[in-house]
Amino acid sequence: LARLNAFMREHVYPAEDVFEAHAVGPDRWTVHPLMEQLKAKAKAAGLWNLWLPAPLAAKVSYLQGVCAGLQGDAAAASDAAVLLGGGLTNWEYAHLCEVMGRSVWAPEVFNCGAPDTGNMEVLAKYGSRAQQEAWLLPLLRGTIRSCFAMTEKAVASSDATNIEGVIEREGGALVVSGVKWWTSGACDPRCAVAIFMGKTRRDGPPHKQQSMVLVPMSAPGVRMVRPMLVFGYDDAPHGHAEVHFDRVRVPADALILGEGRGFEIAQGRLGPGRLHHCMRLVGAGERALEIMAARALQRSVFGGPIADQGAFQASLAQCRIELDGARLLVRAASAALDEGGFKGARGAIAVAKVAAPNAVQRIVDAAMQVHGGAGVSQDTPLARLWTAARTLRIADGPDEVHLGTIAKLELSAAKKRLAAAGAQHPASKL
């Protein structure tokens, strides 16, 4: 944690203005050389793939040997040394991920950014050895990036059974068709592969109709239509694209895990991914709170510092209460994920996924208010932090879906308690 904080102070925060200027400049759809330089420094500092839990790292540990044995690759040996991260638990990573969340540019520096971490998790958990060597290894090295093509323009994709994209068998190949949007990372020139979710059948149980397949972004029929704007930001060079897949042919062995396993894979992917977003949001909220307090001490209104105003003090205190509450919920969910896996942590993750974005959105909004016009400008990180928090009330499942999950779990527990009580404690007739 100390090394990560030092790296952020020495390298990441000073680079923010450079990245911000590049992201709105004429070359924004290219990768700034400084990003690759910082990634190399992060590897050298041993701050790489920190997201990778120890059990999952053990499952793909053979990739270290594969990496080290790559011929003609000068970086292979050094990459192999840091390939599998630090052997952390999800609870331990929560502390580090929070620090990364203080800057929108930081996660990529440490190879801990979405959607790559989720896609790497899919490949590590469910991918074949051939898929892992072809795609997981370069993703772990940070030499390519990836995207996740699930959300569709024509249907409410928060219900994954609505997905209409199609994966059809033709001879020894799979043919992929569909219109996807909010495909984060697809605009990045380094994006080499998409994980595409579509239907391989239209009959049978609704949760067994979907499958996932690996689609090279260079394959004929993959067409980038446009980058979507998020409150006016295009998030270059990463981007959130509308992508059309027009009868894209891929080998049959590009299918992940097997036909009808897409919903299962999605649940395994989205659980930890949701929590990573929440971890980062806590860091964003902490930075906004610091900026807010500093601004109040430095600016005067009506004869005194803003910090002396009772209304401001109440707002600041409320922000601290909400942020610390969100932090505890996120860390509790991280511990639950370590102890019981996604199934056991489902409720705790849903609670964190509702609490953290809402709390941080309010905190950043309060910080913006203290800054006046500067708060909504490009001169502070607040506008981007607010955009991230507000977006995450929709991304990876809207608030309403998670609230429904929480309520169903509560009602299920209540039914079990009533059943256990039986006739000894009859329900009140009032």
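## Charges

Counting side chains in this predicted model, you get 46 positive and 41 negative ones in the protein. The centres of the two sets sit 5 Å apart.

## Surface and burial

The protein exposes about 19100 Å², and carbon and sulfur atoms supply 58% of that area. On the inside, buried residues account for 53% of the 430 residues.

## Overall build

Laid along its principal axes, the C-alpha trace spans about 80 × 70 × 40 Å.

Contacts reach well along the chain, too: take those between residues at least 6 apart in sequence, and 75% of them join residues at least 24 apart.

## A closer look at helix H12

Helix H12 covers residues 382–391. Of its 10 residues, 7 are buried, meaning under 20% relative accessible area, so this helix is largely enclosed by the rest of the structure. The buried set runs through Leu382, Ala383, Arg384, Leu385, Trp386 and Thr387, and also takes in Ala389.

What does the covering? Helix H1 (2–23), helix H10 (262–298) and helix H11 (310–371) are among the elements that cover the buried residues of H12.

Key:
Residues are numbered from 1 along each chain as its sequence is written. Side-chain values use heavy atoms; hydrogens and water are left out. Buried means under 20% relative accessible area, exposed over 50%, partly exposed in between (1.4 Å probe, protein chains only). Contact means heavy atoms within 4.5 Å. Accessible areas come from the Shrake-Rupley method with a 1.4 Å probe; for residues, only the protein chains shown count as cover. Lys and Arg count as positive and Asp and Glu as negative; His and the chain ends are not counted. The place of a charge is taken as NZ of Lys, CZ of Arg, CG of Asp or CD of Glu. Helices (H or I, at least four residues) and strands (E, at least two) are DSSP runs, numbered from the N terminus.
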